[in-house]
Amino acid sequence: MVREDKGTWKANYFTKIVQLMNEFPKCFIVGADNVGSKQMQQIRISLRGEGVVLMGKNTMMRKAIRGQLENNPNLEKLLPYIKGNVGFVFTKGDLIQVRDKILDNKVAAPARAGAFAPVDVKLPAQNTGLGPEKTSFFQALSIPTKISRGTIEILNEVHIIKKDEKVGASEATLLNMLKISPFSYGLKVFHVYDSGSIFEPSVLDITDDDIAKIFGEGIANIASVCLEIGYPTVASVPHSLINGFKNLLALAAETDIEFKEAEQMKAYLADPSAFAVAAAPVEETKAEAKEEKKEESESESDDDMGFGLFD
């Protein structure tokens, strides 16, 4: 198979990226640090039918996007985010499902000296299975150990590597000796592009309940401010009406002013015992009903005290 020259390859790449940007309205900007070619192939296979992965040089991606700004000016918003080892995952499907598929494809990796730790690494208390001659590795990292049945045993859990710190040579060597691969690597979703809008991937986790809660809190804040400054709005008018009605009831209670809605309140203030007497029969009827049910259940249990059909 004859390999195409560099100029032809670039032309085909520009054609492909322009075609993808015209065809797909949505895409993810992803980071590909520590992702190998084999893993990238697995990611492409897992997204087949739902998304297309496109990697390349940043200069070429920027040039291709700038060439499409006349047709789609919104693509200019992508330019500031094309830096570092990044690429695109184009899709027409559900963003949450595609995002989850991208993040699910991870591969365990050993600790390498000089690399930044993506997570904290802790060694649990355990028997390592290593011989006493390896004690110096544990001593260099101040890990408490003892010799148990001819092998090294770690006495306490040890926080050996902290997140976002560089992995030292001693830590990497020890973890490799213990055959521990503490890290996992895959594509990282940095930003989401959807029909001209760019936002953080965390926005995809917002539910309808979250939106309703935030909206309700906003309405409550608006109503509070409007009530305080005396400026009527749709949010504050119901509260104003209720507060006004309360004031009318208070005024009617203190004066001889009467209106239909205040009649029951005035009657209660005039003779509270009348309402207590009215409530008493309801409670008595409930108590009587409970007693009747109890008597019925007792009588039924008496009928079933072990007597057979022919007794």
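Good morning, colleagues. The model shown above is predicted.

I begin with the protein as a whole. Ten helices and eleven strands are present. Of the 311 residues in the protein, 27% are buried. The accessible surface amounts to about 21000 Å², and carbon and sulfur atoms contribute 54% of that area. As for contacts with a separation of 6 or more, 70% of them join residues 24 or more positions apart.

Most residues other than glycine have a negative phi. Where in the chain does Lys179 lie? Lys179 belongs to the loop between helix H6, residues 169-177, and strand S9, residues 183-185. Lys179 is not a glycine, yet its phi is positive, near 60 degrees. Is Lys179 buried or exposed? The relative accessible area of Lys179 is 78%, and the cut-off for exposed is over 50%, so this residue counts as exposed.

Asn34 also has a positive phi, about 65 degrees, although it is not a glycine. Its place is the loop between strand S1, residues 26-31, and helix H2, residues 37-46. With a relative accessible area of 41%, Asn34 is partly exposed.

I come now to the packing of helices. Two packed helices are described by the angle between their axes and the distance between the axes. How do helix H1, residues 6-23, and helix H3, residues 58-66, meet? Their axes come within 10 Å and cross at roughly 55 degrees. H1 is therefore oblique to H3. The crossing of H1 with H3 is right-handed. On the H1 side, the residues that meet H3 are Trp9, Lys10, Tyr13, Phe14, Ile17, Val18 and Met21. From H3 come Met60, Met61, Lys63, Ala64 and Ile65. By class, this contact of H1 with H3 has ten nonpolar residues, no polar ones and two charged ones.

A second pair is formed by helix H8, residues 237-254, and helix H9, residues 263-270. The axes of H8 and H9 come within 10 Å and cross at roughly 40 degrees. Why are H8 and H9 called oblique to each other? Angles under 35 degrees count as roughly parallel and 65 to 115 as roughly perpendicular, so a crossing at roughly 40 degrees makes this pair oblique. The crossing of H8 and H9 is right-handed. Leu249, Ala252 and Ala253 of H8 are in contact with Met265, Lys266 and Leu269 of H9. Five of the residues in this contact of H8 with H9 are nonpolar, none is polar and one is charged.

Next, I wish to consider a strand residue, His191. This residue is part of strand S10, which spans residues 188-194. Its relative accessibility is 16%, and buried means under 20%, so His191 counts as buried. Which residues touch His191, once its neighbours within four places in sequence are set aside? The contacts of His191 are Cys27, Phe28, Ile29, Tyr81, Ile198, Phe199, Glu200 and Pro201.

Finally, I present two C-alpha pairs. Pro73 lies in the loop between H3 and strand S3, residues 86-91. At 54% relative accessibility, Pro73 is exposed. Pro73 and Gly196 are 123 residues apart along the chain, while their C-alpha atoms are separated by 8.5 Å.

The other pair involves Ile219, a residue of helix H7, residues 208-229. Ile219 has a relative accessibility of 35% and is thus partly exposed.

To close, I return to the two helix pairs. H1 passes H3 in a right-handed crossing, and H8 and H9 also cross in a right-handed sense. Thank you for your attention.

How values were computed
Residues numbered from 1 in each chain as written. Predicted model: local features only at pLDDT ≥ 70, side-chain atom pairs only at ≥ 80, totals over all residues. Heavy atoms only, no water. Helix = DSSP H or I, 4+ residues; strand = E, 2+ residues; numbered from the N terminus. Buried < 20%, exposed > 50% of the residue type's maximum accessible area, 1.4 Å probe, protein only. Contact = heavy atoms within 4.5 Å. Areas by Shrake-Rupley, 256 points an atom, 1.4 Å probe, with all protein chains shown as cover. Axes fitted to C-alpha atoms, helices over the stretch in contact; angles between N-to-C directions. Parallel < 35°, antiparallel > 145°, perpendicular 65-115°, else oblique. Left-handed = near helix turned anticlockwise from the far one by under 90°. Nonpolar A, V, L, I, M, F, W, Y, C, P; charged D, E, K, R; others polar.
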